[in-house]
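Let's take a walk through this one together. Have a look at the sequence and the fold below, and then we'll go through it piece by piece.

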Amino acid sequence: WFLLGGEDNDVGEGQILQLRYSQTPATRYLIQSQDLTAIPSLEVTIQPSHTNSKILLLAMVNCSANHVTSFGFLRNNSILTSGLPGNTNVGSGSVATTYDGQDTEDYMYNTTIMYMDMPNSTNPQTYSVGVSASWGGGIRNLYVNDRVSNDMRSISSLIAVEVRG
């Protein structure tokens, strides 16, 4: 990790203080849930240096799509984005939702999501990316980093950036 800006009084609002990065191995993960579920091996822990710091989260997820696929973030194993409206297929926390209208697991998509968190703490915060796939109350298979054919292996990534408040 790194700090930018030197002493506290040299760092102004909006400046980047530190960055954490994580990526999955090129492993296929199967997620079967109607609620946002953390992608295995894709998390970062960052300790804000100020209580008014903001944490900018950026994630890139490669996955199959099966009807409605939702994406969001978790902080310390709880849905961080739970205040955001859900949709008819995921209760809450959807930062982005895709719809392909098909019951197939053959397609691969790349989805990028961003969210600004304000943890109001200097305690370490662990962030992860949550995904789900469903339709009409039924859970669908969601393959992260691949598709059902197991022939398009990829990685997914997560970045957390502390921004001075």
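## Strand 4 and its partners

Strand 4 and strand 8 (residues 108–117) sit side by side as an antiparallel pair, held over 10 bridges. If you want a spot to look at, find leucine 56: its bridge partner in strand 8 is methionine 116. Keep in mind that you're looking at a predicted model.

Strand 4 (residues 54–64) pairs with strand 12 (residues 157–163) too, again antiparallel, with seven bridges joining them.

## The chain as a whole

The chain has 165 residues, and 44% of them count as buried. Its accessible surface comes to about 7,700 Å², with carbon and sulfur atoms making up 48% of that. Look at contacts between residues at least 6 apart in sequence, and you'll find that 78% of them join residues at least 24 apart.

In soluble globular proteins, nonpolar side chains tend to be buried together. The largest nonpolar core here has 23 residues, and the ones touching the most other members are Ile39, Phe73, Val129 and Val144. Several elements give two or more residues to this core, among them strand 2 (29–31), strand 3 (37–46), strand 5 (68–75) and strand 9 (125–135). Strand 4 turns up again as well: its five residues are the largest share of the core.

Which residues does valine 129 contact, leaving aside its neighbours within four places in sequence? The list includes Ile39 and Phe73, along with Thr37, Ala38, Leu42, Ala59, Val61, Gly72, Leu74, Ile113 and Leu158.

## A glutamine tucked away

Glutamine 18 belongs to strand 1 (residues 16–23). Is glutamine 18 buried or exposed? It is buried, because its relative accessible area is 3%, and the cut-off for buried is under 20%.

Another, of 2.6 Å, links glutamine 18 to the side chain of glutamate 162.

Note on methods: Residues numbered from 1 in each chain as written. Predicted model: local features only at pLDDT ≥ 70, side-chain atom pairs only at ≥ 80, totals over all residues. Heavy atoms only, no water. Buried < 20%, exposed > 50% of the residue type's maximum accessible area, 1.4 Å probe, protein only. Contact = heavy atoms within 4.5 Å. Areas by Shrake-Rupley, 256 points an atom, 1.4 Å probe, with all protein chains shown as cover. Helix = DSSP H or I, 4+ residues; strand = E, 2+ residues; numbered from the N terminus. Polar contact = N/O pair within 3.5 Å; in protein donor to acceptor, adjacent residues only side chain to side chain. Pairing = 2+ DSSP bridges. Core = buried A, V, L, I, M, F, W, Y, C linked by side-chain atoms within 4.5 Å.
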